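Colleague: I should like to learn how to read a model of this kind. May we go through it feature by feature?

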Amino acid sequence: MTQQTPVSKAPAQGGAESAESKRDPRLLVTAASPKGWIEALKRNLRSGELGPIPVVIGLVLIAVVFQSANDRFLSPQNLSNLTVQIAAIGLMTTGVIMVLLLGEIDLSIGSVAGLAAAVLGVLAVKQGVNEWAAIAAALAIGLLVGLVHGFVFAKLGVPAFVVTLAGLLGWQGLHLYLMGADGTINTSPSGPISLLTQTFFVPAVGWGIALLAAVLYFVSVATVERRRHQAGLPYKPPVELLFRAALLLLPLLGSVWVLNQYKGVPLAFLIFVGFVVVLDLVLRKTRYGRMVYAVGGNAEAARRAGINVDLIRISVFGIASALAALGGIMLTSRNFAASVSTGGGEELMMAIAAAVIGGTSLFGGRGNAYSALLGGLVLGAITSGLLLLQMNTAVRFMITAAVLLIAVILDAFSRRGRKTHARGGA
Amino acid sequence: MSTPVLELSGISKTFGAVRALSDVDFHVGEGEVVALLGDNGAGKSTLVKVISGAHPADSGGVITWDGKPVTISGPSDAQRLGIATIYQDLALCDNLDIVGNLFLGNEKLHFPGTLDEVEMESRARELLDSLSVRIPSLRVPVASLSGGQRQIIAIARSLLGQPRVVMLDEPTAALGVAQTAQVLDLIERLRDKGLGVLLISHNMADVRAVADRAVVLRLGRNAGNFPIADTSYEEIVAAITGAADNPVSRRSERTGASALATEDK
């Protein structure tokens, strides 16, 4: 939720109470100039409102360190591989974020991803079902599994931790059972399943998407701010909106430029970012998203406000498992195979770690969809960099643990800052 | 006096073997603040729950709304009539901002399912202005507000449903002096807007400051109905405790001074 930047020239609403509707003198005014923005930024930093800044600084640090150790790290090929690699776990992370916003946890997403991979492999290869139908079936099974988790949690009152712990074991068991004697089921290298992670778009598509995203962003915020202005509410001036749109466009164009140096924008990454953007819009702009935050903030208050808390919980677990299943499909696609080990390894921990590193609170009610992208990039970059340096998994786990710990410490500091600086927070 | 907005007569409520309310009468009119007093376990909360629909009354009693008999068998019935209840634990979501909390469960939408933040913020601003509530930014999470501001937001939230009777359960219990004054100001403004207010409070000073009438319950029965202006503190305490023979009146007889004199200056 962004902080509104009020300006002093909001017109009075008229009537007897016109003095009341003027901006409150206690509000700090942000000047519509770069200097004013920097001051507002400093104010936010001091009060613990760090936003994505620590993660971005972390990413820059990671880039500098690995690039100086191995100059292939920032090469277009490595960065392009990185974006494809993070897509699968990133999709699982978006689901985890929904559950974390409720203040709950889902430990079963790795097993659900594995189950989806097994369903996909068995249907598409062994049973010879159409690959698209197999993908749909795997997603549907993921959704169903999540709804079962949600039902047991919300209606029967079993803690989500225990329900999904049972899921972690149970769905992995079903995964192994479905795989049967084969350790691996190889998928067709040219079918839709493989194309999910093997498709790259021609340069023009990438440029077009970047420009379109920035323009859509500008138009939508400009419309809202214009309405706020007309309604006499504090609003952001057009200059600031242009500045923000430019701030969005720059990294977009940069990414597209780098990706176009290699094979173009990968479909897998686009699917991942697409889900992140859609989830963000759902969470911030729709009634459903508001309900999710409300249930995560204070379930009793949400219930009294007439929100069907059980329905929200069940649906969130359903969405989380469906996204985990999509992650499993992506894993299958990238490995050209579903195997007994798909989703059974570090995926669960990495997905939860990415959400927390990206800035979603473990305590419910606070966080956003972009945590999946930022956290995924951090973990993906560390993995990719250490692989380039030929470090083994042991080192990678330790470094990832340190990053996770730093993220949680920053979160704790930020919570304290919010309390003392009257910003609120969970 | 004209017909009361809400009138209950002969209301009883039994929980198992316990008769929490027996034959209770109560009424509140437009622009009237009625304090509901009683010791712990006197049946105040039960009466509030009967009115709010959380615990419907046993059969036998009559509830009338604008003089017409009605039944309140659930919270939605009470809301439809125009009865709003603000419980002691405020039921706000700390992580949402003021606008989000005000409209929680009742969001203004434009396209199917998408929030109309501009409309909601304007309406919130209008509502708070009409109550002369001044809060710098409506976009701060309510966790950062003071206790009094939070209580005011909770009350304001209930007003969005255009209620005609508002029930407040211990609205000043956890508040400091200045914050209590803010909430009492707000109660007076509700009265001036023509709402009927039912106020549960243990704080006699608050009751005497804003209430027009005090209804006393004792052991689930009516124990008095006093116009505040011409009733002494001792009379009310006597009704609450069930006898003139109580430590407070004994002391005031002994010292000759009204305990009230020290209570509200």
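Colleague: What pLDDT does chain B average, and what share of the residues score at least 70?

Modeller: Chain B has an average pLDDT of 84, and 91% of its residues score at least 70. Residues 258-265 of chain B, however, fall below 50, although this stretch has nine contacts in the model beyond near neighbours in sequence. Where pLDDT is low, the predicted coordinates should not be read in detail. For the model, the ipTM is 0.78 and the pTM is 0.83.

Colleague: In what order do the strands of the open sheet in chain B stand?

Modeller: In general, the strands of a sheet pair through backbone hydrogen bonds, either parallel or antiparallel. In chain B, four strands form an open sheet in the order 2-1-4-5, with antiparallel pairing. Strand 2 and strand 5 (68-70) are at the edges with a single partner strand each, so one side of each has no neighbour in the sheet. From one strand to the next, the twist averages 35 degrees. Helix 1 (residues 44-52) of chain B packs on this sheet and touches strand 1 and strand 2, its direction making about 115 degrees with that of strand 1.

Colleague: Over how many bridges does strand 1 of chain B pair with strand 2 of chain B?

Modeller: Strand 1 and strand 2 (residues 18-28) of chain B are joined over seven bridges in the antiparallel sense. Glu7(B) has His27(B) as its bridge partner, and Leu8(B) has Phe26(B). The two strands form a hairpin with two residues between them, and Gly16(B) in the turn has a positive phi of about 60 degrees. With strand 4 (residues 62-65) of chain B, strand 1 (residues 6-15) pairs over four bridges; there, Ser9(B) stands opposite Val62(B).

Colleague: Why is helix 12 of chain A described as largely enclosed?

Modeller: One counts the residues under 20% relative accessible area, the cut-off for buried. In helix 12 (residues 287-297) of chain A, eight of the 11 residues are buried, so the rest of the structure largely encloses this helix. Among them are Arg290(A), Met291(A) and Tyr293(A). The cover includes helix 4, helix 11, helix 13 and helix 14 of chain A, together with helix 3 and helix 4 of chain B.

Colleague: At what angle do helix 6 and helix 7 of chain A pack?

Modeller: Helix 6 (residues 131-154) and helix 7 (residues 160-179) of chain A pack at about 145 degrees, their axes 9 Å apart. The crossing is right-handed. The contact comprises six nonpolar residues, three polar and no charged.

Terms used: Residues numbered from 1 in each chain as written. Chains lettered and ligands numbered in written order. Predicted model: local features only at pLDDT ≥ 70, side-chain atom pairs only at ≥ 80, totals over all residues. Heavy atoms only, no water. Axes fitted to C-alpha atoms, helices over the stretch in contact; angles between N-to-C directions. Left-handed = near helix turned anticlockwise from the far one by under 90°. Nonpolar A, V, L, I, M, F, W, Y, C, P; charged D, E, K, R; others polar. Buried < 20%, exposed > 50% of the residue type's maximum accessible area, 1.4 Å probe, protein only. Contact = heavy atoms within 4.5 Å. Pairing = 2+ DSSP bridges. pLDDT = per-residue confidence, 0-100.
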